[in-house]
Amino acid sequence: MSDTHAQSVAYVRESFIDQQPAPITETGAIKWLRTNLFSSIPYTILTFVAIYVIYVLLSGFLPWLLGGVWNASSIRECREMMGGSGAGCFAVLTERWNQLLFGFSYPSEEYWRPSLAFVLLFVAVAPVLFAALPRKMLVITLLYPFIAYWLIWGGTILVSAFALLGVVGGYFAYTMAERRAGFALSLLVAVLAAVAIWWLSGFAVAEEPGFLELPPVESRNMGGFMLNMMLGVVCVSLSLPFGIVLALGRQSRLPIIKFICVAFIEFVRGVPLITLLFVANVVLAYFLPPGTTFDLILRVIIMITMFASAYIAEVIRGGLAALPRGQYEGAESLGLDYWQSMRLIILPQALKISIPGIVNVAVGLFKDTTLVSIISMFDVVGMIRGPILASTDWNGVYWELYGFAALLFFVTCYGISQYSQWLERQLATDHR
């Protein structure tokens, strides 16, 4: 306050007042409660109603969970130990955990193989999900599908090694042909080279069938949550590139390619997934030559991948349509060809826009893997509905089993959702 203004007022304080703390009602937890829970009379009423509902739910759930029995051989023994307290009979989880996770036919002495493949899965996907990791780790990602197949299905390692050799040979054939031919012809050359290597490698595998062999396990012996994870990981991984190709094909200027992509997308989207699974299980066998054995898991993977690819293609097409025309014109002004402009400019932006839709399809697809139980494949839901509840020892235990299955799916789907939100924040460069 200036001296001139001080002379015009009756009283001016000549010393500062000591700094006082804020009122207790305006800081800390009390401030948060007043702002978020008791800011008005209607909010206060709703808060008390919500607290009462939570109390009612927890008063029934916590005694059921905390007082549950974890060690018993049957539901009768479980009920005798509970003594009518109404607690949960979780002994079924400890007694049948192997069937819930691996199915009832997978050899128990080989459980380490799918467990090791599950651990290696996190190492393999880490460099794909997190760009800060060294790019050299992508070698593990490329090797993982072949290692996982050898671990889970067993047999000689030569099958996986020659399958990898075919992929590598096809890649080198593509790079050599790309210098002289276009994309389509180079891709055809790569496919022919890979098929030739796989055909020739069959003779080498026949010569050494026991080289580094693990005990083979048939596909019909796989089940439990392991089957859900296999179908979810493989189908999501395959449906994304196929969805991109279908989305680009639907926007192609070539009428034949556009018609094929549109027909595929509209047909698959118009058919329920259950119908496609029945086709994979029953109808497809009528179109194969007599005596042909076509692995059931492979048939299911093909059908689920087709189903998910059609939906992901529409999601990516929405991302492509959301880009302004200037991005396409900018790519053309730089002298880039079609594939270069798509790979370097258009698709990265379209995929960033499409992340929520892609994750939505991935989460829905992972939950839809439980539909394989209707074609006699014993995933975790199939195991609960079939061998476990059909046995006289555990017939009548529902909440514990289905709650455990729900927990497994919730943890997996919640992890996918949280990663997608983190990735969106990392790629949100528009306002930086």
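A salt bridge is defined here as a side-chain nitrogen of Lys or Arg within 4 Å of a carboxyl oxygen of Asp or Glu. The model is predicted, so local features require pLDDT of at least 70 and side-chain atom pairs count only at pLDDT 80 or more, whereas totals for chains, interfaces and linings use all residues. Residues are numbered from 1 along each chain as its sequence is written, and side-chain values use heavy atoms, with hydrogens and water left out.

Under the stated criterion, the structure contains ten salt bridges. One network of such contacts links R250, E266, R269, E314 and R317.

| Pair | N to O distance |
|---|---|
| R76 and D393 | 3.7 Å |
| E110 and R113 | 3.0 Å |
| E314 and R250 | 2.9 Å |

Helices are DSSP runs (H or I, at least four residues), numbered from the N terminus. Both E314 and R250 are buried, a term denoting under 20% relative accessible area, with exposed meaning over 50% and partly exposed in between (1.4 Å probe, protein chains only).

R76 and D393 also form a salt bridge. That pair spans 317 residues, from R76 in helix α4 (residues 75-82) to D393 in the loop between α17 (380-390) and α18 (399-427). R76 is classed as partly exposed because its relative accessibility is 48%, and D393 likewise because its value is 28%.

For the pair of E110 and R113, E110 counts as buried because its relative accessibility is 10%, and R113 counts as buried at 0%.

How values were computed: Helix = DSSP H or I, 4+ residues; strand = E, 2+ residues; numbered from the N terminus.
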